[in-house]
Amino acid sequence: MMRAGFVVLLTALATSVAAASLDALGPDGWHTWRVPAAEGAPAWCCFSWNDGAVTSRVCNLDRHSSYGGCGGAEPNGFVQVYAKLEGGQPVELRVLAPGCPVESETEIADLGDIEADASFNWLRRLVRPDSRVSEDALAAIAMHRGDPPLQFLIDTAQDAEEGDIRETALFWLAQTGSRESEPTIMRAIASDPEHEVREGAVFALSQLPEDRAVDALTAVLRNRALDREVREEALFWLAQSESDRALAVLEQLLAGENDGSI
Amino acid sequence: MINKLALACLLLAFGSAALAQTEDEAAMRQAAQDRDAAAEESEQLKIAAVEALISAPPERALAILTKVLEGEGSDELKERALFVLSQTELPEAQDILVQTAMDSDGPLRLEAIRMIGIGGEADALARLGELYANGDAETKEAVLEAYLIADETEAVYRIAANAQNAEEFEEAVETLGAMGAVDELRALRNRTDMAGILIEAYAVADDTESLRELALNSNDPELRAKAIEGLGITGADPAMLMDIYRNTDEPEIREAVREALLISDSDEAVLQLFRESRDSAEKRELLETLVIMDSDAAWEVIDSTLENEE
């Protein structure tokens, strides 16, 4: 359905372009392509909050709409990447569900289906300190199917020069839910040189699936060799958890010798 | 047609004129700056001279200070004069303060009122009642401040007791709280419509007894909760707060107790309540309070438990 002044792209109707390349994306403006999604990747779309009620809405690419898992779209094994170029450089990135309705004031060039590796290789170059879309690129990479994107997140979490990038990579690594997440995040908690990254790593643990999060946070809390700040973060996130197991862990640790002195 | 030479001459002439104009402007600016600096230095000298009068014979100081107040000097100069008057042990000095408070307006009036408070002379303080009765909001506030400085609890109590509206009552009661005027505040307890305001003042005045009474016996749960939080501010015995917690099922009251224990940093009490609780939701609330408090007691227990496991 056309809206006055906008071009609405229903990406569900996009035609497949076999082996399309992202190396030369073409003129400035918005471009989009569909890639196979990692298992369990959420179906992101746009929403608005009003007095605690979440309402799905069309994603306006030009207006930085809030987007996330509240948008009501259904996962279908694919994600849709949107990239805006200015002066030949990516200045904005989104990754949404293919069925998420999108609008823009300018035309969106649809590249159809792109192989996950090709899309990942294009995105990975954007993860660098001087990039405006570093964090969005990491989010998008986390949604891509395959081992290379996952390994990239692990490597970036360990080796990126900038602490912010390491911290973001840790967060998205946890979001993938992969089993490789915990060892990498635990290593960061124990030995990342920056305090903020270590605390951010604890938060990343809290983002794992519930049981794994409780186990991992408990391990941090129980490890007296770790510095107090990260253990406090673990205590905080365990206390925030709605898991009965988390509560049981803390009850046991806080039981002490109850002499009823008060 | 103007030839090039003539044009160059014209440009040179205009350029020179422009340069001369720029130089004149700079000279004028410099002269103005010099005048300002001289005026500022003169002002500072006058202020220093006024302040030095504090050591002069009172009668001599009085004459000069009167002239300063009547003269064209700056407000800052006059305010300094008011301070010296407040320290001058002559009845005439207090009269001048009162007269200045009555006759002036704006900052000078307010400063005169404040100086009456600082001077603390009884007759001058007594005249503030008249100023309060006829004054605007700023004047009333200044009078209350003067009474606070002079510790005139009775005068503030009278204002509260005779307050024409809730705002006046609140300002006076807040002042009594700041003065620690427990007896006067208790005498206002019959103002049940103003109980919320009084509770806050009890907390500031450290009146644990009144707060406890309200926490246990008020029919209004909101006031009970407010009184309980006040007990946190006064640092009441955590055992009292724990008893209140144990003897109620009302969520708002329990929340108020948690808040009070948080305010008074009573982490051991929160930990004890956590251990006693058999309700998951409640345990989570208490746990959250412990975490917010960054409880040393909790960490001691956690680390002790871990040590015993090793």
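Are A:Cys45 and A:Cys100 buried or exposed? Both are buried, where buried means under 20% relative accessible area, exposed over 50%, and partly exposed in between, with a 1.4 Å probe and protein chains only.

This is a predicted model, so local features need pLDDT of at least 70 and side-chain atom pairs count only at pLDDT 80 or more, while totals for chains, interfaces and linings use all residues. Residues are numbered from 1 along each chain as written, chains are lettered from A and ligands numbered from 1 in the order written, and side-chain values use heavy atoms, without hydrogens and water.

A:Cys45 and A:Cys100 are joined by a disulfide, S to S 2.0 Å, the term meaning a pair of cysteine sulfur atoms within 2.5 Å. The pair links distant parts of the chain, 55 residues apart: A:Cys45 lies in strand β3 of chain A, and A:Cys100 in the loop between β8 and β9. Strands here are DSSP runs of E, at least two residues, and helices runs of H or I, at least four, numbered from the N terminus. The S-S torsion of A:Cys45 and A:Cys100 is about 75°, so this disulfide is right-handed.

A second disulfide is formed by A:Cys46 and A:Cys59, with sulfur atoms 1.8 Å apart. Its torsion is about 110°, so it is right-handed. Both A:Cys46 and A:Cys59 are buried. The count over all chains is 2 disulfides, and those of chain A follow the pattern 1-4, 2-3, counting bonded cysteines along the chain.

Now to chain B. B:Glu138 is in helix α7 and is exposed, at 51% relative accessible area.
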